[in-house]
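Here is a walk through a structure with more than one part to look at.

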Amino acid sequence: MGQPNWAKLEAEGRCKRIGIPWTTEEREAIYILKIPYEYVRDGITTLEAYQSELEEQAKTGKKPLKEYEREELYEMAEELGVKLTPDISKATLIIEITDKKGRKKQAAQQLKAVNKAYQIEADERAKDVARQQKEIKKAKEEKKDEPTKPIFADKLEAEAQEKVDALDDKKANKEIKEKKSKGQKNK
Amino acid sequence: MIRKTDFPTLTTDVQSIFNEATRSKIAGMEGLKIFDVKETEREVDKHLILHSIGGVEEVADGQDYPRATGAEGDNISYTQAQYGVNVPVTVKMRLFDLYDEITSVVTTITEEAWDMVDQSLADVLLNGYSTTYTDVYGTTTSGAGPDAASLFASTHDFGGASADTFTNIISDGTNDNPTLSRAAIVNTINVGLKFQDANGKTKPIHYDTLVFGPDLADLATRITTSDQISNSANWDPNMFVKSRVKNLVLWERLAQTGQGTSTTAFWFMYDSTKVKESLKIKFAKRPSLDAPEEIHSNKDWDYVLNYFYSRGLGFPAYIQGSNGTES
């Protein structure tokens, strides 16, 4: 089948992209609602959406890329380091510039996120160290108030008790033996 | 037995069978009557649409004649595609002199090739609401015209020559894509008569041909050939439609697409003098049957039926279509 002149159509805003024709809804947005094709390329197909987009622009005061002339976009892209030929279309320039700016923005955001993560980790560590130091200090203070005990006191005490118990057993055995011997004598 | 020495004679016979089958097929092919059929030697043909070449002025005696002015519209390229098939004359056919079988094979394949060509043209109309579709050969095909819209669209433009748009979707005055009716035919004729070109000047298009599939044949004939308007209060005369619609084209292939989708409600109207500007077919090589250049190891003689052609859209204003969905 035939192939239309996509490059011409794209440059004139008469297709979405090379090889992508407008849908019926998009064609009606351009030809009947008279919404500029650059906005339709961004998915704006109703007058309400177009109106709110314009209001948003007025609020931020930022001029969107689609409002620039092709030549201005060409210079902008060159400054961003995009390798170009004079045949490039406005639509492609917008994609390239958005892409380049997007990548730069993304890299900056990533760096910021990494730094933030490092900062959070460092803060947490500092908090942990402070908490530990506080606990040690508190423990030291509590120990200061307690009466001092001789080292191994408990052990010594147990050993002594054992000895006492042992002594008692001997004493008892002695008494039993004595009683037994007395009994034998009585017989 | 058909021997090797009989090869030239058999080839002549086979080609005459092919020619006979081709002749009878072409006679019944509506597509080739509607489309602009041209031969080409280029692989890619470029077609430029011009809107209203003009500039005729009153010229005073001795004054230079003005140069013609024209508004250049869109352009579109048609790329050739190749289609083909082997037509085998097997050893068995030769050994046992199976002329009937040879005739049958050649005739069937030849008819099949022309059927495919005709259906591929019908598919251009039946898939006229899409910018891409699968054709009768199973190939994904672009249905985009020079303005990147499908053949039938409500907002065709003039290729930058004007900010105006036009529709070539049939309406009955209330609904787009109406079922076949007298009101829709009258409205379409009327739209054509009031058509304005890229410069806003009236350039009437006379939609004088009604195209339909088998299911609409009876209704189409009654609407356009009756002397009186059916079911009208006092049986008004039907002269307007009867005189304006000069040709009725029953195209059997409009019943379904090449992929088998039912399209029985589709109908179309076109200007028979201009439709060839809207629909084009270019043959770099028409279907032909070529004799084999070598004998294969299986001793079959493989004749080759092949052809190169492209289909394409031009300026779409000269044909109007309805898919009968009333939407």
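## Chain A: how it is laid out

Let's start with who touches whom in chain A. Of the contacts between residues at least 6 apart in sequence, 26% join residues at least 24 apart. Keep in mind that this is a predicted model.

What is chain A built from? Its secondary structure comes to seven helices and one strand, and along the sequence the pattern reads β-α-α-α-α-α-α-α.

Now for its dimensions. Chain A has a radius of gyration of 46 Å, while a compact globule of 187 residues would come out near 16 Å. Along the principal axes, its C-alpha atoms fill a box of roughly 140 × 40 × 35 Å. Buried residues make up 14% of the 187 residues in this chain.

## Where the two chains meet

Chain A brings 15 residues to the contact and chain B brings 24 residues. On the chain A side, the elements giving two or more residues are strand E1 (2-4) and helix H2 (24-31). Sort that side by class and you get eight nonpolar, three polar and four charged residues.

Strands pair up across the boundary, too. E1(A) and strand E3 (residues 69-79) of chain B run in the antiparallel sense, with three bridges between them. Which residue of E3(B) is the bridge partner of Pro4(A)? That would be Ile76(B).

## A sheet in chain B

Over in chain B, four strands make an open sheet in the order E1-E12-E13-E4, with mixed pairing. Strand E1 (36-39) and strand E4 (81-89) of chain B each have a single partner strand, so they stand at the edges with one side left without a neighbour in the sheet. On average, neighbouring strands here are turned by 25° against each other, if you ignore direction.

Look at strand E12 (residues 279-290) and strand E13 (residues 301-313) of chain B: they pair in the antiparallel sense over nine bridges. In one of the pairings, Lys282(B) has Ser310(B) in E13(B) as its bridge partner.

Helices pack on this sheet as well. Helix H1 (residues 7-27) of chain B touches E4, E12 and E13 of that chain, and its direction makes about 150° with that of E12(B). H4(B) also packs on the sheet, touching E4, E12 and E13 of chain B, with its direction at about 10° to that of E13(B).

## Nonpolar cores

The largest nonpolar core has 57 residues, and those with the most contacts inside it include Leu210(B), Trp267(B) and Tyr270(B). Helix H4 (residues 99-126) of chain B gives the most to this core, with eight residues. Apart from this core lies another one of 11 residues, among them Val14(B), Ile17(B), Val87(B) and Tyr303(B).

Take a closer look at Tyr270(B). Leaving aside neighbours within four places in sequence, Tyr270(B) is in contact with Tyr207(B), Thr209(B), Val211(B), Val275(B), Tyr318(B) and Ile319(B).

Most residues other than glycine have a negative phi. Ala148(B), though not a glycine, has a positive phi near 65°. You'll find Ala148(B) in the loop between strand E6 (140-142) and strand E7 (156-157) of chain B. Is Ala148(B) buried or exposed? With 27 C-beta neighbours inside 10 Å, Ala148(B) counts as buried, because the cut-off for that is 20 or more.

Asn177(B) isn't a glycine either, and its phi is positive at about 50°. Asn177(B) sits in the loop between strand E8 (165-166) and helix H5 (182-193) of chain B, and is buried with 21 other C-beta atoms within 10 Å.

How values were computed: Residues numbered from 1 in each chain as written. Chains lettered and ligands numbered in written order. Predicted model: local features only at pLDDT ≥ 70, side-chain atom pairs only at ≥ 80, totals over all residues. Contact = placed C-beta atoms within 7 Å. Nonpolar A, V, L, I, M, F, W, Y, C, P; charged D, E, K, R; others polar. Pairing = 2+ DSSP bridges. Buried ≥ 20, exposed ≤ 12 C-beta atoms within 10 Å, placed from the backbone. Rg over C-alpha atoms; globule rule 2.2 N^0.38 Å. Core = buried A, V, L, I, M, F, W, Y, C linked by C-beta atoms within 7 Å. Axes fitted to C-alpha atoms, helices over the stretch in contact; angles between N-to-C directions.
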